[in-house]
Amino acid sequence: MSTNPNTILSSVFGYAQFRAGQEEVIKQLLAGRDCLTIMPTGSGKSLCYQIPALALPGYAIVISPLIALMQDQVEQLDALGVSAAYLNSTLNFAQQEDILTQLNHGELKILYIAPEKLLQSHFLDKISNFPPSLIAIDEAHCVSQWGHDFRPDYAQLGILKQQFPRSPIIALTATADAATQNDIIQLLGLSEAYHYVGSFDRPNIRYIQQEKFRPLSQLEQYIKQKKNQSGIVYCTSRKRVEEVNEYLQRHNFRSAAYHAGLTLDERNWAQGAWLKDDLEIIVATVAFGMGINKPDVRYVIHYDIPRSIENYYQETGRAGRDGLDSEAILLYEYADADRVRWMINQNENIQRAEVESHKFASMTALAESETCRRLVLLNYFGEQKDKACNNCDICLDPPKKYDGLLDAQKALSAIYRIGQSSGFNHVIDVLRGANTQRVREYKHNELSVYGIGKSHSQEYWLSILRQLVHLGLIRIDITDNAHLKLTEAARPVLRSETSLQLALPQINKSAEITKETK
Ligand code: ADP
Ligand code: ZN
């Protein structure tokens with residue numbers, strides 16, 4: 001076999017050109033230098049170690065925390081005629097011994113191994129007289145407490161540099177802020193490493209945020225326009241996954257649920273059917289997606305706000321791997337964020353809770369941003385750009401501010417007139433002059449405020465009321481059935497002693513943006 005990276009690229013992998021960063025990283029590794037490679041998901045990290053593994057004599061070790069991913073990679077390499085194997089807890093003793101024998105006989109080029117297997121001392125002892133040509137540490141952010149996926153086994157991988165000082169190490173990850181990068185270098189002993197940080201921009205993904213009104217029908221409307229296209233809907237809980245999936249199935253969409261509460265068979269079935277396009281939609285918790293490589297995912301919808309920008313980026317990044325136009329839709333409301341904050345604060349591990357609330361604050365800042373979302377996102381990963389992207393909801397349809405004093409007065413008076421004794425829905429019913437049982441029962445149709453907002457939709461008023469909550473003019477009284485109450489700050493507004501700018505509610509943003517630009 002050739003030892004020239006370009007030849008291997010074309011003859012083994014069938015690709016004509018390297019992608020950004022690959023060639024340089026490969027060159028450094030071949031020269032024996034350690035590397036820290038930070039490249040977004042889907043940008044081709046695997047080739048960065050697979051090609052040197054083939055070019056160098058002997059075998060390479062690849063440490064990966066994900067069993068499913070190892071199997072996948074080994075199968076793909078097998079299909080390309082590369083002798084690869086994996087070593088993890090799914091193998092029995094005889095199978096493990098067999099792999100060591102193959103290694104010893106020089107029959108393997110690439111060995112994937114789970115960190116806990118590698119750290120068992122007899123493994124390192126057994127290979128001590130035929131050290132690996134190189135060591136790749138995939139998902140390297142797992143070494144860091146500051147990362148979003150800390151794994152104690154990973155923190156011990158520093159032993160590799162001591163044990164195999166002559167084998168270059170490449171640490172790879174798709175997500176590492178500055179603190180995490182530092183930990184990777186410290187803990188793995190990579191102080192001389194060549195750093196490659198790729199661009200995190202995914203220009204073909206359009207980022208759109210929609211205010212959450214009636215999320216199920218918003219979802220339905222959206223997916224209807226995407227007939228026969230592949231998509232993922234992420235929800236935060238299993239219960240929510242079930243609920244959303246049932247709704248979609250009831251409305252004749254080909255969808256399936258995926259979460260850790262299902263059996264392995266059920267999950268494999270759902271994943272397989274979706275990969276083969278027998279299903280259009282997979283409704284999933286974050287348990288879904290690691291290592292899955294479906295190129296033509298046209299949209300990723302976040303039904304609930306994710307816990308961090310890392311998660312958001314990782315999950316939306318599963319769209320558009322083929323480079324074609326794709327969309328990432330985030331359904332957002334303030335109340336969701338409050339719930340997440342509350343949950344984070346329940347964590348008894350104070351340090352963990354702090355890391356998480358910090359990360360979540362960045363995520364809500366992205367969701368509430370009034371400037372280009374892509375700039376906010378890239379900036380989070382330390383990538384500076386100065387030009388707005390023209391491919392996110394803010395760029396395509398900038399938030400419009402308007403003089404909201406009159407609307408605010410209508411909403412605040414309605415709350416006041418009905419005795420501050422109801423939640424959002426009834427206030428909106430009164431504003432819009434709805435003829436409901438409750439309106440009749442309390443004679444709210446006789447109030448002066450009844451129907452004063454009937455020229456606007458339910459969603460319009462919900463958006464206005466939420467903004468007033470956010471601005472501190474209304475509070476949601478959780479000690480009283482979540483009824484809406486006026487605060488002191490509402491007074492000057494009611495008396496027209498102040499001005500008030502509000503954001504013009506944008507009811508069906510993605511539908512409009514999609515229409516406009518297609
Ligand atoms: P990552 O590990 O960064 O998420 P992968 O290594 O799985 O990404 O690569 C993503 C996809 O891109 C794979 O299908 C891979 O075969 C393909 N790929 C990688 N490098 C190239 C290249 N130079 N030319 C074309 N396709 C490539
Ligand atoms: Zn933008």
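1. In which sense do strand β5 and β6 pair, and over how many bridges? They pair in the parallel sense, over 3 bridges. Strand β5 covers residues 134-137, and β6 covers residues 169-173. One pairing to look up is Ile135, whose bridge partner in β6 is Ile169. Please keep in mind that this is a predicted model.

2. Strand β6 has another partner. Strand β1 (residues 35-38) is joined to β6 by 4 bridges, and these two strands also run parallel. Look for Leu36 here: its bridge partner in β6 is Ala171.

3. How much of β6 is covered? Of its 5 residues, 5 are buried. The side chains point in two directions. Ile169, Ala171 and Thr173 point one way from the strand. Ile170 and Leu172 point the other way. Both sets are buried.

4. Now the whole protein. It has 518 residues, and 40% of them count as buried. The secondary structure comes to 24 helices and 17 strands. Along its principal axes, the C-alpha trace spans about 90 × 45 × 40 Å. Take the contacts with a separation of 6 or more: residues 24 or more positions apart account for 72% of them.

5. Next, ligand 1. It is surrounded by 14 residues. The closest are Tyr15, Thr41, Gly44, Lys45 and Ser46. Helix α3 (residues 45-55) gives the largest share of this shell, with 3 residues. What is the shell made of, by class? It has 4 nonpolar, 8 polar and 2 charged residues.

6. Which residues of α13 are buried? They are Arg267, Ala270, Gln271 and Trp274. These residues cover an arc of only 95° around the axis, so they sit on the same side of α13. The face turned away from that side carries the exposed residues Asp265 and Gly272. Among the elements covering the buried residues are β10 (255-258) and β11 (281-284). After the helix comes Asp277, with a positive phi near 70°.

7. Helix α19 (residues 405-417) can be checked in the same way. Its 13 residues should span 18 Å at 1.5 Å a residue. Its end C-alpha atoms are 18 Å apart, which agrees.

8. Where do the buried residues of α19 lie around its axis? The residues in question are Asp407, Ala408, Ala411, Leu412, Ala414 and Ile415. Their arc is only 155°, which puts them on the same side of α19. What covers them includes the helices α20 (424-431), α22 (458-470) and α23 (490-494). The cover also includes the strands β15 (474-477), β16 (483-486) and β17 (501-503). Gly419 follows α19, and its phi is positive, near 80°.

Definitions and conventions: Residues are numbered from 1 along each chain as its sequence is written. Chains are lettered from A and ligands numbered from 1 in the order in which they are written. A residue is near a molecule or strand if its C-beta atom, placed from the backbone, lies within 6 Å of it. Ala, Val, Leu, Ile, Met, Phe, Trp, Tyr, Cys and Pro count as nonpolar, Asp, Glu, Lys and Arg as charged, and the others, Gly among them, as polar. The expected span of a helix is 1.5 Å times one less than its number of residues. A residue is buried if 20 or more other C-beta atoms lie within 10 Å of its own, exposed if 12 or fewer, and partly exposed in between; C-beta atoms are placed from the backbone. The arc is that of the directions from the helix axis to the C-beta atoms. Two residues are in contact if their C-beta atoms, placed from the backbone, lie within 7 Å. Two strands pair if DSSP finds at least two bridges between them.
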